[in-house]
Amino acid sequence: MSVDTETVLRIASLARIAMSEEEAERLKPDLNDILGFVEQLGEVDTSGVEPLSVVIENHTRMREDVVTDGDKRDDILANAPVAEHGFFGVPKVIE
Amino acid sequence: MADIIDLGVAEIRDGFRGGQFSAREVADAFNDAVAGAEALNCFIVTTPEKAIKAAEEADRALAAGDVAALSGVPLGIKDLFCTKGVQSTAASHILEGFVPPYESTVSGKLLAAGAGMLGKLNMDQFAMGSSNETSYFGNVISPWKRNDGGNAPLSPGGSSGGTSAAIAAHIVPAATGTDTGGSIRQPAAFTGIVGVKPTYGRCSRFGIVAFASSLDQAGPMARSVKDCAILLEAMAGYDLHDATSLDEPVPNWEAGLSSDLKGKKIGIPKEYRVDDMPEEIDALWKQGEEWLRDAGAEIVEVSLPHTKYALPAYYIIAPAEASANLARYDGVRYGQRELPEGANLQEMYAATRAAGFGDEVKRRIMIGTYVLSAGFYDAYYTQAAKVRTLIVRDFDAAWESCDYLLTPTAPSAAFGLGDLSDDPIAMYLNDVFTVPSSLAGLPAIAVPGGLNGQGLPLGLQVIGKALDEQGVMNAGLALEERAGFTHRAEKWW
């Protein structure tokens, strides 16, 4: 299956990456090459095979239900492009 | 005495403890070497003051009689590791200026063991690449040159290309790498050094910028197997902050090193004989069999029938996980923000990500988004996850008849910068021998074996059973002792 420019733009929108039609045109052959390459997996008979979810057996661990972190507001905001009044700042979302 | 910068981790540790030189002398020597190697572009940020501070502490500790495992040893840290108070970018623009308020578990363990930090090493952006050409901060140049008199700049491999180049150039004795599909092993092979990818879960991923979380593993890179064993001991261990880290005791790998392979069986996977592989690599592979036989091992042929599907499965699974992991870069909480005049929140996200990610990162996010999108998920992602199960089963079956697998590390020697950058698939094929063991979470080592006709290093890989880092490093040691690889790049920088 190959993707057209419109599909590339739709994926870009889903991925929240701003993209012009020219950029989508430029990216399209690369994406189609990669999709063509991975599509050979269709040859493999996987009937009755479970998809892998855990690569190395591990067990789920319990811990005491106590607060082990927190009270770091200023640390967390220190890297924000915009922080105001102890919050992350973003463009207005409510009119 | 040899120049300090020619010493490895064990030699520095022991020489420092024996009073042959002070930790401060070591730090000064490497700081100078780093400062003199800007042409290689190995570092994104250098931290000479941190190396000096750790050295002074080491010197005081020695005087007080309480040295730690890595006291006196300066290291490089790949820029994928968050380092408290020091910019950590994953070689991306979107994280430019990000100064973590916390330390990754692995780098924190190394520093707590007394190591100093020389700086943050350049890499492929978000660890996506096999040539170190996707860094926002420019290509790393390999210290190696072809012996044909040409001056073509070569790739140090990737994604841990700053790490590999810095170690090969003797501007750091050792450094951290990370490996998702080969990012420790392929650059180690390209630059004639040793790299270990441990079992998935051996090292905590906490504080390592996430690429593909079911595959990412930290590991050591150095100029000897022993140095890797020393570092891995300090890096590994269970971490409350990473639910996938393994609650297993950390063996004393250095003390357990032995190149006696009597009674061990080495599998040669027949599917790794790929078309178009240079004859020199095939010859080195055969030589590797001889070396391991000489160490007492028996060689057997094994089959890993799904090998050819590992790379396509990887290029669904890794981008799928990446598209989810990289969703966090939205210009709100950290890193760069792009806010066009009058843009709303959604437009800000999209503009930030368009400006902040490089082409290869965008390609992988796009592929990942596509294969996870409604209507395509089962055909791509679920099928890839099923193929991954079959790849794991292949290895399980191979372990019925052997203890380790011997393969080449990469299908070619280092290529020139720019040679493959227009062809993503050709670039992806670099990891054809390293990706299957990544998908299965298995430990593996890359060891230099010799030089090709152009004077460039070629590597051998040993893959082992889950948690058998000791066996993998022992087989690596047997190869190292017999290969006697002492070549180094002639200094031109």
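Strand β2 (residues 74-78) and strand β3 (residues 116-121) of chain B pair in the parallel sense over five bridges; strands are DSSP runs of E of at least two residues, helices are runs of H or I of at least four, and both are numbered from the N terminus. Two strands count as paired if DSSP finds at least two bridges between them. Within this pairing, Gly76(B) stands opposite Gly119(B) of β3(B). The model is predicted: local features need pLDDT of at least 70 and side-chain atom pairs count only at pLDDT 80 or more, while totals for chains, interfaces and linings use all residues. Residues are numbered from 1 along each chain as its sequence is written, and chains are lettered from A and ligands numbered from 1 in the order in which they are written.

Five of the five residues of β2(B) are buried, so the strand is largely enclosed by the rest of the structure. A residue is buried if 20 or more other C-beta atoms, placed from the backbone, lie within 10 Å of its own C-beta atom. Pro74(B), Gly76(B) and Lys78(B) point one way from β2(B), and Leu75(B) and Ile77(B) point the other way.

Leu75(B) also belongs to the largest nonpolar core, which has 179 residues; with Val194(B), Leu292(B), Ala313(B) and Ile316(B), Leu75(B) touches the most other members. Such a core is a set of buried Ala, Val, Leu, Ile, Met, Phe, Trp, Tyr and Cys residues joined through C-beta atoms within 7 Å. Beyond four places in sequence, the contacts of Leu75(B) include Leu110(B), Met117(B) and Val172(B); a contact means C-beta atoms, placed from the backbone, within 7 Å.

In helix α4 of chain B lies Val106(B). Val106(B) is buried, with 31 other C-beta atoms within 10 Å. Leaving out residues up to four places away in sequence, Val106(B) touches Phe81(B), Thr176(B), Cys203(B), Ser204(B), Ile208(B), Ala218(B) and Met235(B).

Another helix of chain B, α9(B), has 16 residues and reaches 22 Å from its first C-alpha to its last, close to the 22 Å expected at 1.5 Å a residue, where the expected span is 1.5 Å times one less than the number of residues. Of the 16 residues of α9(B), 14 are buried, so this helix is largely enclosed by the rest of the structure.

Conventions. Buried ≥ 20, exposed ≤ 12 C-beta atoms within 10 Å, placed from the backbone. Contact = placed C-beta atoms within 7 Å.
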